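Hello,

Here is the structure I promised to pass on.

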Amino acid sequence: MQNRIFLNSLNHGVIILDTDLRVRFWNAWLCAYTGVEVDPDAGSRLDVLFPEVDVRTLKRKIKNALTLKTPSFIDASVSHYLFKIPVDKITYSSFEYMQQNVTIAPYDLEAGLVSLMIYDQTPLLEMKQRLMGFNRELEQRVKAAVEENRRKDMLLQQQSKQAAMGEMISAIAHQWRQPLNSIYAIAQDFEDAFEHGEIDKEYVSEISQEMSNQIDYMSQTIEDFRNFFKHNRSKVYFSPVETVKQVFVLLSSQLKGSTIGYALTNDLPKEGKLFGYENDLKQVLIILINNARDAIVAATQKGVLSHGGGNVSIHIKDGENGETVILVMDNAGGIDPKNLEKIFEPYFTTKPDDKGTGIGLFIARRIIEGQFDGTITAENTADGAMFILRLPHREA
Amino acid sequence: MPAELLSADEKDALQELMNISFGVASSIISDSLNSFSTMPLPKIDAMDLPQLEAYFDEKFRGITQCYIVTQLFRNRFDGESVFIIDDDSAMRLSSLLLESDELGKEDVQASVLEITNIISSACIGKLVELLDAQIFFNPPVIESTCHIGESVLRLSKREGMEFTKVIIIETKLEFETEQITGYLLFLTKESSFVWLKEALGRFLDDL
Ligand SMILES: Nc1ncnc2c1ncn2[C@@H]1O[C@H](COP(=O)(O)OP(=O)(O)OP(=O)(O)O)[C@@H](O)[C@H]1O
Ligand SMILES: [Mg+2]
């Protein structure tokens, strides 16, 4: 074998085999790694030296290489090895035996010889395994994070619904206080009148008229709120001016109860129209007005604002890019500048536990961006906070 | 189909070369499988690579999982052969090759690699031999997928390998009891495709 020196200096295994699997050459690399020396003249068979060799497959591949005059292959990643070479146990390895890529190439067609080139793939496959493990772990973590997010989102939605309900119930309580008081007074008067013998037909019809008025007013309140909660899940054209007016009606008793003034100014050149879910915009306005109310009440308690001096004003106008702009302003001193960045984050609140969860503005932003393709931002004016809604015009 | 990439004569020449190759491949496979098999003359088609996705969407409708084996060959005829076989066929092929019904995933993969090597070497080897060229084969590489067209396109867009043309060779292995269908593709570079056409021309002249 005239190539002996060359073949012995190669950094991979080389075997020359005949079709009966007799070893005709065994290079130095193989001696070093297997600890087995092979005398080419002894005619030792590979499957005798290494009984684990899959004789049938190897013979088939040798035959095919010789017939086709092109190489056949053994792939380490699926077949692992041709014969066992224990992996050095000092270095950590998840493989017990060297993982081998083998190329079986025709060597001498006349003599029926093939060469087997054996390449150590262990480090590569090890890397691949670790990478796969790493990927799996990553995948699991991403999945867990997504699941956690979904859970949080659901909780948030539930909380926001509850928050809206809570706001409503307290608004209804305020709306009803006045008619309930009237009815109570009528009942008192009725008793007095009876004692003084003043009850006549005229008196009864007057009282019953008065009671009906109050009860009508109460039913109307309930009707307004029912409409608000009714999920009319179709987008419609609506006038933002009307929407603001309705919200002020809903919250009027509550605002008056806290002696807070409110006003709407409309600068739209013609009757403005928005397209979308009107109730969603109502919810945003309620969130903003309630925040202003909270801020005014707090400022009044601190003595920064005189009693009865609190104001919420809403201003509607056209924006520079043809969008509708709604400004919600108060005079309660504004938002601490270091919080301006954070107020839209979920669960950010400066209020005591029983007063705020910190989801109001988060929900508001989600509705404005998600349902209206608009923006909501906050800034401070000389007197207080100003929330700016920009709602682009859209076609149905 | 837009303008044919191969003329009728060129297609005939390629058909003839493939017929010879398939003869060789089928006798080797019969031998290997210890079971008589024939490979009917292959159907040949050539197209620009971007059309491939639609082609496979059509051919593999309803098949959910398959193996794609790729084997690069390099020299003047630069390209890649791609063998596609559905999971079910691969399983049956493997049990014939390994004479066993209890096969692991790796056994099936090893068998698919081996069959690909035989068919691809037979076809490409014969082709370049008859066309008087030398060629160097890389070992085949396997992947399992359910998006055939997409996967093949992705394969063809790997760094440094601008394959633009594809020759499709639809193969069938017919056994006494069953039939296994696979697809062999040759993806080639623009320059190799031109070279192939020239070589086919010379082959025709020699007839
Ligand atoms: N008009 C305002 N004036 C001053 N600070 C405000 C105003 N509106 C909002 N903020 C600040 O932004 C914070 C977040 O408001 P947000 O509505 O998201 O939550 P919250 O009102 O604290 O709780 P809730 O979930 O009950 O609405 C408030 O805690 C407050 O510090
Ligand atoms: Mg709030």
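Predicted model: local features only at pLDDT ≥ 70, side-chain atom pairs only at ≥ 80, totals over all residues.

Residues are numbered from 1 along each chain as its sequence is written, chains are lettered from A and ligands numbered from 1 in the order in which they are written, and side-chain values use heavy atoms, with hydrogens and water left out.

**Chain B**

Six helices and eight strands make up the elements of chain B; helices (H or I, at least four residues) and strands (E, at least two) are DSSP runs numbered from the N terminus. Their order from the N terminus is α-β-β-α-β-β-α-α-β-β-α-β-β-α. Of its 207 residues, 54% count as buried, where buried means under 20% relative accessible area, exposed over 50% and partly exposed in between (1.4 Å probe, protein chains only). Among contacts in chain B with a separation of 6 or more, 73% join residues 24 or more positions apart; contact means heavy atoms within 4.5 Å.

Helix H2 (residues 52-59) of chain B has B:Leu52, B:Tyr55 and B:Phe56 buried. Seen down the helix axis, these buried residues fall within an arc of 90°, so they line one face of H2(B); the arc is that of the directions from the helix axis to the C-beta atoms. The exposed residues B:Ala54 and B:Glu58 sit on the face turned away from that buried side.

**The cores**

A nonpolar core is a set of buried Ala, Val, Leu, Ile, Met, Phe, Trp, Tyr and Cys residues joined through side-chain atoms within 4.5 Å. The largest has 55 residues, and B:Phe77, B:Ile167 and B:Phe186 touch the most other members. Helix H4 (residues 105-130) of chain B gives the largest share of this core, 12 residues. Apart from it lies another core of 51 residues, including A:Phe344 and A:Leu389.

**The pocket**

The second largest pocket has 34 lining residues, with A:Asp75, A:Ser77, A:Val78, A:Leu125 and A:Lys128 nearest its centre. (On a 1 Å grid over the protein atoms alone, a pocket is an open set of points where a 1.4 Å probe fits, with protein on both sides within 12 Å along at least five of seven lines; lining residues have an atom within 4 Å of a point.) H4(B) gives the most to this lining, with seven residues.

**Chain A**

A:Met218 lies in helix H7 (residues 201-229) of chain A and is buried, at 11% relative accessible area. A:Ser253, in helix H8 (residues 240-257) of chain A, counts as buried at 18%.

Best wishes
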